[in-house]
Amino acid sequence: MPLEMLAVFAAGIGAGALNAVVGSGTLVTFPVLLATGISPVTATVSNALGLIPGSVSGAIGYRRELAGQGRRVRRLAIGSALGGVTGATLLLALPAAAFERIVPSLVGLALVLVACQPLIGRRVRSRRPKGGSARRDGGWPLFTGLTLASVYGGYFAAAQGIIYMALMGMLLDEPLQRLNAVKNVLAAVVNTVAAAFFLFVADFDWTAVALIAAGSALGGRLGATTGRRLSPQVLRALIVTIGTVALVQLVAR
């Protein structure tokens, strides 16, 4: 039991750090929770609540990059909140057996998105008109895209940050770090509204929630302060490796 608790706490640190830098922290915590014997649905709702402090910590760490983006963040946060509640509702509306069949596909999709991120970025930039610029707020295409991505985030959350970055990179003219700062805020919104919904209708493993919350708060701060020093290749390899382990474990259940 103490070793399992230590593993969950460590996973929370890793997830908080990864979420602050690139996203996909759920690919760290979710398989660890499953390995302790927690059911997939309970693991998902406990993970959503536990990762809130990490999301907030990561967003605070990027506060300098958020300067001047208040209006944009508030607008996009509305879509993220709506999408997060919708995804949380779908999670509980579907039968548990269906959820167990869907999750491997979601993890597989997340791994593809992470592994193909460099290609996605190049394709996104190549589609912009020469000499043209994206709208300052991204318009309705960005609002709609992020809302739909947040539905997925409220349902499972793995790699939602990668989807956010791809959409914003296509529709906003901003440096990567400023987009990453917005991504952290939106992820915090999705986790918060989904967890608030789950509080009234779902069962939590409160020990797991507390351990992930403590770990992710620390990890979010560490990720925000040191993540920029790590090469994208190293982070991507780490996420793909951990996600592959999770996928194998889910398929073998």
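Colleague: In which hand, left or right, does H9 pass H10?

Modeller: A crossing is left-handed if the near helix is turned anticlockwise from the far one by less than a right angle, and right-handed if clockwise. Here H9 passes H10 in a right-handed crossing. The contact involves Gln160, Gly161, Tyr164, Met165, Met168 and Gly169 of H9, among others; partners from H10 include Leu186 and Val190. This is a predicted model, in which local features need pLDDT of at least 70, side-chain atom pairs count only at pLDDT 80 or more, and totals for chains, interfaces and linings use all residues. Residues are numbered from 1 along each chain as its sequence is written, and side-chain values use heavy atoms, leaving out hydrogens and water.

Colleague: At what angle do the axes of H9 and H10 cross?

Modeller: Axes are lines fitted to C-alpha atoms, for helices over the stretch in contact, with angles from 0 to 180 degrees between N-to-C directions. The axes of H9 (residues 160-171) and H10 (residues 176-201) cross at roughly 135° and come within 9 Å. H9 and H10 are therefore oblique (under 35 degrees is roughly parallel, over 145 roughly antiparallel, 65 to 115 roughly perpendicular, the rest oblique).

Colleague: Is Ser80 buried or exposed?

Modeller: Buried means under 20% relative accessible area, exposed over 50%, and partly exposed in between (1.4 Å probe, protein chains only). Ser80 is buried because its relative accessible area is 0%.

Colleague: Which residues does Ser80 touch?

Modeller: Contact means heavy atoms within 4.5 Å. Not counting residues up to four places away in sequence, Ser80 touches Ser150, Tyr164, Leu186, Val189 and Val190.

How values were computed: Helices (H or I, at least four residues) and strands (E, at least two) are DSSP runs, numbered from the N terminus.
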